[in-house]
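Hello,

Here is the structure you will be taking over. Please have a look at it first; my notes follow below.

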Amino acid sequence: MDADQLVAGLNEAQLAAVTATGGPVVVMAGAGSGKTRVLTRRIAWRIATDDTDPTRVLALTFTRKAAGELRHRLRTLGLRDEVAAGTFHGIALVQLRRRWADRNTTPPAILDRRSRFLARAASLGRGVRASDVLAEIDWARARLITPEQYSMAAAEAGRTPPITADQLADVMVRFAQEKRRRRMVDFDDLLELAIRDLQSDPGYAEAVRWRYRHLCVDEFQDVNPLQYELLSHWRGDRPDLFVVGDTNQAIYGWNGAEPDLLATFARREPGATVITLADNYRSSPQVLELAATLSDGPGLVAHRPDGPRPSVTAYPDDKAEAVGVAERIREARRVAGSWSDQAVLVRTNAQLLLIEQTLNDLGVPARHRAGAGPLASPEVASLIGQLTSPGVDVADAAAELSAEATMEDAPTSGPEVERRANRAALLRLVNDYLAVDPAPSGPGLAAWLSTLDGNDVADNADAVELTTFHGAKGLEWPVVHVAGLEDGFVPIAYAETGGQKAEERRLFYVAVTRAEQELHLSWAAARTFTNRPVGREVSPLLAGPAAAISRLGVAPAHRVDWRAKIAASRQRLADAPPPSSARGRRRAAQPAFASAAADDPAAEQRAYQALRQWRQRRARASDVPVHVVLSDRTLRSLARARPTNRAALAAIDGIGPSKLSRYGDDLINLLNAPAEHA
Ligand code: ATP
Ligand code: MG
């Protein structure tokens with residue numbers, strides 16, 4: 001594309017961002033305002049005007065999926081694979097491998113089963129999940145917090161580590177030692193090692209900075225201090241840095257991201273050009289009106305034509321919701337055209353399974369990107385084997401495979417279409433790798449592939465996309481279904497602090513702003529987690545969007561009134577017999593408002609221990625961290641009050657309606673059976 005074409009159709013602020021020269025540039029703007037568009041156009045425009053050599057550009061983002069989106073957009077602008085685009089980890093790994101090769105050091109192995117490794121390296125104590133401990137270690141490392149600093153930093157940040165802060169600091173040290181001893185590295189080690197090399201070897205740092213002279217970062221609100229540190233080393237003292245982001249879409253705070261690095265960018269960068277974009281080019285005015293209720297600051301000016309009124313539907317249970325979503329998808333397809341114009345977004349990965357199964361049962365093709373992707377298919381695995389075996393010239397081999405692919409006849413069978421799509425996906429990944437590694441090699445490719453989530457390889461089949469709110473960031477679809485809008489999912493049960501709850505609201509904002517035309521929201525009044533359905537409450541965050549929808553006019557004709565069905569389903573839940581133990585029956589016979597326990601420290605202590613053990617079992621059974629079940633604070637309140645009936649239980653801080661319906665019976669039985677835990 002020529003330079004004029006590249007800037008045609010941009011608004012004034014976008015044009016300023018694309019063509020700004022000189023110092024650092026920061027673009028801060030809401031969803032769908034064209035930030036990613038501006039970033040990719042700027043790269044293409046600078047190349048087209050001979051200002052920039054494409055091989056000197058490095059475009060960074062945070063997830064494989066987002067990096068894929070960047071590369072896809074660069075390709076549609078006519079840039080083949082000469083621009084390097086990747087995640088911080090992916091790029092760091094390529095550089096480290098070169099360095100190891102240059103120095104003839106055997107590269108360390110990438111540690112991919114970290115939980116198991118940690119559990120073996122450090123004795124965590126019974127009932128402590130290694131993955132919880134790892135999450136906390138990752139948070140600390142993302143924030144550049146050393147084991148010595150951990151205790152204080154964690155207290156300041158209001159963290160609730162799964163073991164004591166001192167123990168955690170200890171485990172951090174042991175985990176690092178054990179990795180070193182076994183010569184293994186995890187993803188954060190890649191960033192730390194890359195920083196160390198750049199710091200300790202000025203000549204090498206100069207060479208790296210020369211190679212990538214133009215740095216740009218998409219979704220900058222999600223950068224964490226460790227990544228920022230690496231970025232600063234990559235950049236050195238050169239001014240050329242272009243970042244775009246939206247603090248309203250900061251959703252990785254729990255992971256250690258620091259949105260302030262975006263908010264205060266201009267303050268840290270004297271002479272920075274600051275650009276804000278106020279127009280939205282993605283969504284209908286109706287979608288934007290709804291989204292505005294979930295974000296801070298001024299709303300965006302809509303540029304797309306009117307769309308239908310967004311809908312909210314309550315279903316009696318999760319199965320009915322999945323069926324309802326499938327029906328909506330079919331309805332919308334009559335208008336929208338292809339399946340891939342639609343996506344179903346949910347808060348947690350686990351919710352995707354039921355939806356995927358239901359869509360499959362009902363003949364709606366769906367792609368679930370969090371599962372085993374095409375890289376897992378035997379044919380692709382064998383191609384990877386070929387490409388990465390010793391002595392193979394990766395670039396040549398990939399070129400040969402591509403040439404073969406173009407000479408083949410169009411596939412006729414379904415499996416063959418799929419096989420080809422998988423191979424094409426692999427070839428795209430290989431090209432991505434060739435673009436970032438100046439001296440490609442089989443092991444280098446293998447390492448690059450190992451940094452993939454394994455789930456986000458584009459698969460060409462026409463299918464509805466199923467993904468989480470996190471996975472949907474930066475993407476867009478004409479029709480979006482957001483399902484499972486219940487308290488406990490949105491916000492997620494373990495969001496307790498104001499900061500965590502605010503992040504949940506931003507996450508919901510990210511989800512709804514993916515929609516271009518149609519937006520359908522839904523929730524289920526009952527949901528089965530293990531084997532018994534439990535009652536669910538509508539998400540408190542739905543209040544604003546629902547009000548916005550009613551402002552938009554009368555209900556659409558096709559909306560089903562589920563109220564009666566919900567009432568019936570609630571009744572069924574209430575009528576369900578209590579657990580068939582003797583204790584259960586004894587409890588049921590208690591007077592409705594029995595008084596709370598008297599002051600008895602020994603009984604309180606016993607109750608607390610029993611509650612902890614119970615929580616441990618529940619957490620294991622549902623495969624969630626313990627604090628998702630109930631917080632320590634709630635356990636202590638429970639142990640103190642030892643409520644004997646539901647009304648008293650509901651009065652305990654931390655026991656909301658959903659916890660009450662899920663755990664009520666269990667807790668009352670447990671707290672009123674002294675023989676059990678004496
Ligand atoms: P997010 O915050 O969700 O990542 P974003 O700010 O990166 O959003 P883009 O994805 O770049 O927004 O743009 C949203 C949509 O609007 C895209 O389909 C893009 O092509 C389109 N778009 C952006 N700017 C314009 C414009 N000036 N004219 C027409 N379409 C535009
Ligand atoms: Mg974007």
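Ser33 places a backbone N or O atom 3.2 Å from an oxygen atom of ligand 1. Thr36 reaches an oxygen atom of ligand 1 with a polar side-chain atom, at 2.8 Å. For Gln249, a polar side-chain atom also lies 2.8 Å from a ligand 1 oxygen atom. On its own, ligand 1 has 640 Å² of accessible area (Shrake-Rupley method, 1.4 Å probe), and the protein covers 86% of that.

This is a predicted model, in which local features need pLDDT of at least 70, side-chain atom pairs count only at pLDDT 80 or more, and totals for chains, interfaces and linings use all residues. Residues are numbered from 1 along each chain as its sequence is written, chains are lettered from A and ligands numbered from 1 in the order written, and side-chain values use heavy atoms, with hydrogens and water left out.

Now the shell around ligand 1. There are 19 residues around the ligand (a heavy atom within 4 Å), and Gln14, Lys35, Gln249, Glu476 and Arg514 come nearest. By class, the shell has 3 nonpolar, 9 polar and 7 charged residues. Helix H3, residues 35-48, gives the largest share, 3 residues.

Finally, the whole protein. It has 32 helices (DSSP H or I runs of at least four residues) and 18 strands (E runs of at least two). Of its 678 residues, 53% count as buried, meaning under 20% relative accessible area with a 1.4 Å probe, protein chains only. The protein exposes about 29900 Å², and carbon and sulfur atoms supply 52% of it.

Best wishes

Note on methods: Buried means under 20% relative accessible area, exposed over 50%, partly exposed in between (1.4 Å probe, protein chains only). A polar contact is a pair of N or O atoms within 3.5 Å; within protein, one must be able to donate a hydrogen and the other to accept it, and residues adjacent in sequence count only if both atoms are side-chain atoms. Ala, Val, Leu, Ile, Met, Phe, Trp, Tyr, Cys and Pro count as nonpolar, Asp, Glu, Lys and Arg as charged, and the others, Gly among them, as polar.
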